[in-house]
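The following paragraphs lead the reader through one structural model. They begin with a pocket and then turn to the chain, its surface and its side-chain contacts.

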Amino acid sequence: AMITLILITIVIAVCAFIYLHLREKHKYFEKRGVVGPKPEFFFGNLRDVFFKKRHISSCIDDIYKTYKDKEQLVGFFNVITPYLLIIDPELVKQIVIKDFKHFRNNEFSTLVSD
């Protein structure tokens, strides 16, 4: 009985740690004052991509359309990984031309070529 109680306590502690860790990760943009859709627990903002119901580009397009006339940039999450979606054309131009060396070779660069 004592071993069972210890195991249950360990499982609860691990689950609580994981929950608090994910919740803290999802505050990444909030702490930096970056606007974006509120992430869902565990899935972030791309639940449909996780379950292969939609392609990531269509989910990102939805985020873009929601914020295109309101913000220059938007933060969103793929599970707990934060991504920054640049909306303002002048900011895109600055990044692609002037600051390119800092923003190349990311996982979305293959989407552009495809």
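**A pocket and its surroundings**

In this predicted model, the second largest pocket has a volume of about 320 Å³. Its lining is made up of 17 residues, and those closest to the pocket centre are H26, K27, E30, K38 and P39. Among the elements, β1 gives the most to the lining of the second largest pocket, with 3 residues. What is the make-up of this lining by class? It has 9 nonpolar, 3 polar and 5 charged residues.

The protein chain has 7 helices and 2 strands. From the N terminus on, these elements follow the order α-α-α-α-β-β-α-α-α. The chain has 114 residues, of which buried residues make up 19%.

Is F29 buried or exposed? F29 counts as buried because its relative accessible area is 7%, which is under the 20% limit for that class. The C-alpha atom of F29 is separated by 7.8 Å from that of P82, although the two residues are 53 residues apart along the chain.

Attention now turns to charged side chains. The structure holds 5 salt bridges, and R54 takes part in a salt bridge with D48 as well as in one with D62. For the pair R54 and D48, the closest N and O atoms are 3.9 Å apart, a distance that falls within the 4 Å cut-off for a salt bridge. For the pair R54 and D62, the corresponding separation is 2.5 Å. How accessible are the residues concerned? R54 is partly exposed, with a relative accessible area of 30%. D48 is likewise partly exposed, at 24%, and D62 is partly exposed at 36% relative accessibility.

Another salt bridge joins the side chains of K65 and D61, with an N to O distance of 3.0 Å. K65 and D61 both lie in helix α4 (residues 56–67), and they are 4 residues apart, about one turn of the helix. D61 counts as partly exposed because its relative accessibility is 31%. Salt bridges that share partners join D48, R54 and D62 into one network.

Helix α4 also contains C59. With a relative accessible area of 6%, C59 is buried. The C-alpha atoms of C59 and V49 are separated by 7.7 Å, and the two residues are 10 residues apart along the chain.

Finally, the backbone deserves attention at two loop positions. Which phi value does F42 have? Phi of F42 is near 70 degrees, a positive value in a residue other than glycine. F42 lies in the loop between α2 and α3 (47–50), and its relative accessible area of 32% makes this residue partly exposed. K52 also has a positive phi, of about 60 degrees, although K52 is not a glycine. The place of K52 is in the loop between α3 and α4. K52 counts as exposed because its relative accessibility is 76%, and the limit for that class is over 50%.

Key:
Residues are numbered from 1 along each chain as its sequence is written. This is a predicted model: local features need pLDDT of at least 70, side-chain atom pairs count only at pLDDT 80 or more; totals for chains, interfaces and linings use all residues. Side-chain values use heavy atoms; hydrogens and water are left out. On a 1 Å grid over the protein atoms alone, a cavity is a set of points where a 1.4 Å probe fits but cannot get out, and a pocket is an open set with protein on both sides within 12 Å along at least five of seven lines; lining residues have an atom within 4 Å of a point. Grid points are joined across faces, edges and corners, and a volume is the space filled by probe spheres set on the points. Ala, Val, Leu, Ile, Met, Phe, Trp, Tyr, Cys and Pro count as nonpolar, Asp, Glu, Lys and Arg as charged, and the others, Gly among them, as polar. Buried means under 20% relative accessible area, exposed over 50%, partly exposed in between (1.4 Å probe, protein chains only).
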